Amino acid sequence: MNLSELRPGEKATIVSFSDADMSVKLMEMGCLPGEVVEVERFAPLGDPIAIRVAGYQLCLRRSEAAVILIQ
Amino acid sequence: MKKSLKVALVGNPNTGKSTLFNLLTGMNQKVGNFPGVTVDKKTGSIRFDDGRVAEVMDLPGTYSLYPKSLDEHIVFDTLAASGGPDVIVVIADATNLKRNLLLFTQVADLGFPVILALNMIDMADRAGMRINTDRLADMLGVQVVPISARRNKGIEELKKAIQHCTPVATQKTVLKAEEFMCMPAVARVKALVGAENDYYALQLLHREDQVSFLEKQHVEGLRTIIREEKFESGSLQTAETINRYRFINHVLSATVENKPSHDQFAFTNKVDRILTHRVWGFLIFIGILFFIFNAIFAWSSTPMDLIEGSFGWLSEAGHTYLPPGMLTDLLIDGVLAGLGGILVFIPQIAILFAFISVLEDSGYMSRVTFMMDKLMRKVGLNGKSVVPMIGGLACAVPSIMAARNIENWKDRMITIMVTPLVSCSARLPVYTLLISLVVPEQRYFGFFNSQGLALMLLYLASIVAAVLVAWVMKMLIRVRERSYLIMELPVYRAPRWRNVLLTMYEKSKTFVLEAGKVIVAISIVLWVLASFGPGNRFDRITSKYETQLARPGADSTHIQTLMATEKLENSYVGILGHAIEPVIRPLGYDWKIGIALITSFAAREAFVGTMATIYSVDGGEDDSATLGSRMAASKNSVTGLPVYTFATGVSLMLFYAFAMQCMSTFAVVYRETKGWKWPVIQLLYMTALAYAAALVAYQLLK
């Protein structure tokens, strides 16, 4: 399962990433394996999405959220 | 006297780095250029109480030393190039230490003396975080200074820390060399470039050819080492990042106590529920844009009139009191006119940037990106392109400067390239003159005015053109940089008025100093072209009219006007106007319009002024006739038919809608893109677009 499949209000734990290039960038922003993420809201047009991770709010596109594998 | 200390300021975005920079340096700031990139290099100075001076450099905000955007390259390049800083101050957001310390450990491993400034310590306190700074300093091996830049706390302590910083690095190396650094390759790089620091060598390996300061044979050497040692950049970066976070977690568990007292996001979440709502969010955003747009128009008109008025007065006074001659004319009609043309933009620039810095500072700008990204991305723009595009309705110059807020290079370039297509306020006088000439006033359904409708269509055409061009450029521009939107949504905060004022001041100053040079140069060239003619044509005209003037009872104003007109026709501009006539005839223009096209390259509104001079002889001897009636009466020199038919009028309006015809825009694009390539491309594509649109319109309508 990946992060783009969650609905607002749902939580999950990051397991790994499916794109090596993007993974470094995401980890630098605090999305580490083991961290809990919560989807806070979708943008009015459905994309991008806002998530809560590592104690702050992060906004990312759905295509980028799809890289983050969760459980 | 001791050498002044070089200090570099490094930190994540949204950590209050600029606020700290402003506090440390005050008004002692200079804006310069980093070679090759589009970010400004801001430097300033601190004076310590012992009389020593430190040079502070503000580096672009970044989450890591591994660059994800072109502008972020500059951080490593500046730190690592020879003559790098003596001290690096890493500023970290105390409420989010984990992520912020990642950059700190990378910078620390480069082996410079480092100071860690923990900003927003008051907010961390309120959120229930107790940070043991002494223990943290001990574990990291550097000075740790808790500050609150927003409340101006801890700044003196930070200055002292900088002042007393040891010239030798004291921190412990974080990254374990054996496991995460591909040591054989690192050792070879160190030998190759003569470096001592392991992590510096590793960074070079990760960058390969993207280091601005390396010599060519070193780049070749790096490539060989990467190939021979099978250096894998991606997996090593991943391993390194995980390793660093492991260290950070270890440090934080020993130094930070978390007693969540209140949720610092509660307020932001409530506000976001409204501001990013699918109905209210857009309505509020449109309302804010409308307010900004209105304010640029309304608030700037008085100061702009004042600036124009005083320059008019100065030039009149100059012509009256200075000895007549070429030098006076050059000073007044060339240089002074150019200066006036620059200063007149300051009110609009200052007002737009006041709004933008409030929107940025409060955290609203990232919500704009959040809301608009999907829509704007379809045409190759970015959520943040909305503000420059709307600002373009007032004036392209400050709007192009506002595109600075777009981090992605390609999105920013496309925004800069299409913003001048949006109909700005300077096109209005041209539109009004031409619409009144060729569009008969009629009312439909009682309230739709045909002339108003024509104006609206022109505005619509400009926006459609901007979107189409953006879409085409999205296809044409190829970049290595991958487009992504992984962006922090900071909590809402009150804007800092001091920052707002400094931004207004700094943007106006930058525009005057940088774009100003180009504008004055073009004004002088245009003045020369309009005031001189080949051979002794001008002398003959002068002597011809002087004899007329000398006659008793001569109407001197009328004769002066005739003389000015004949001079303009015989000047280099006039000759150029004749020369381009074959090219512009398919658009329905004659050489008189050709002259106006050339002179109005300085600014579109010059079209009206030039037309007034050229047509001062048409439409009868009566001086009181309006420009409109003179133009309406004017006949084509070849066919004898009226020049301003509906077809010519529409063609001319479309030409002005799409053509660049604004040297200030040209100059500001040069300044923002740091080169001639983009402004020249822009000038060419806009002129071509304008020509094509005018040609089609005239040929269909004539």
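**Backbone features, helix packing and interchain contacts**

In chain B, the loop between strand 6 (114-119) and helix 4 (121-126) contains Met120(B). The structure is a predicted model. Although Met120(B) is not a glycine, its phi is positive, at about 60°. A further backbone feature occurs in chain A, where Asp47(A) and Pro48(A) are joined by a cis peptide bond with an omega of about -5°. Pro48(A) belongs to the loop between strand 2 (36-42) and strand 3 (49-53) of chain A.

Glu40(A) and Arg52(A) form a salt bridge, with an N to O distance of 3.4 Å. Because Glu40(A) lies in strand 2 of chain A and Arg52(A) in strand 3 of chain A, the pair ties together parts that are 12 residues apart in sequence. Over all chains, the count comes to 25 salt bridges.

Between chain B and chain A, the count is 4 salt bridges. In a salt bridge between Asp373(B) and Arg61(A), the side chains meet at 2.9 Å, N to O. The contact between the chains draws on 38 residues from chain B and 33 residues from chain A. The area buried between chain B and chain A amounts to about 3,400 Å², and carbon and sulfur atoms give 59% of this area.

Helix packing was examined across the two chains. Helix 1 (residues 20-28) of chain A packs with helix 11 (residues 233-255) of chain B at an angle of about 20°, and their axes are 9 Å apart. Because angles under 35 degrees count as roughly parallel, helix 1 of chain A is roughly parallel to helix 11 of chain B. The crossing of these two helices is left-handed. On the side of helix 1 of chain A, the contact is made by Ser23(A), Val24(A), Met27(A) and Glu28(A); helix 11 of chain B provides Gly234(B), Gln237(B), Thr238(B), Thr241(B), Ile242(B) and Tyr245(B). By class, this contact of helix 1 of chain A with helix 11 of chain B has 4 nonpolar, 5 polar and 1 charged residues.

Within chain B, helix 13 (residues 280-321) and helix 16 (residues 364-377) pack at an angle of about 120°, with a separation of 11 Å between their axes. Helix 13 of chain B is therefore oblique to helix 16 of chain B. Their crossing is left-handed. From helix 13 of chain B, the residues Gly281(B), Phe282(B), Ile284(B), Phe285(B) and Ile288(B) meet Tyr364(B), Val368(B), Met371(B) and Met372(B) of helix 16 of chain B. The contact of helix 13 of chain B with helix 16 of chain B has 8 nonpolar residues, 1 polar residue and no charged residues.

Technical notes: Residues are numbered from 1 along each chain as its sequence is written. Chains are lettered from A and ligands numbered from 1 in the order in which they are written. This is a predicted model: local features need pLDDT of at least 70, side-chain atom pairs count only at pLDDT 80 or more; totals for chains, interfaces and linings use all residues. Side-chain values use heavy atoms; hydrogens and water are left out. Axes are lines fitted to C-alpha atoms, for helices over the stretch in contact, and angles run from 0 to 180 degrees between N-to-C directions. Helices (H or I, at least four residues) and strands (E, at least two) are DSSP runs, numbered from the N terminus. Angles under 35 degrees count as roughly parallel, over 145 as roughly antiparallel, 65 to 115 as roughly perpendicular and the rest as oblique. A crossing is left-handed if the near helix is turned anticlockwise from the far one by less than a right angle, and right-handed if clockwise. Contact means heavy atoms within 4.5 Å. Ala, Val, Leu, Ile, Met, Phe, Trp, Tyr, Cys and Pro count as nonpolar, Asp, Glu, Lys and Arg as charged, and the others, Gly among them, as polar. Buried area is the accessible area (1.4 Å probe) that two parts lose on being put together, summed over both.
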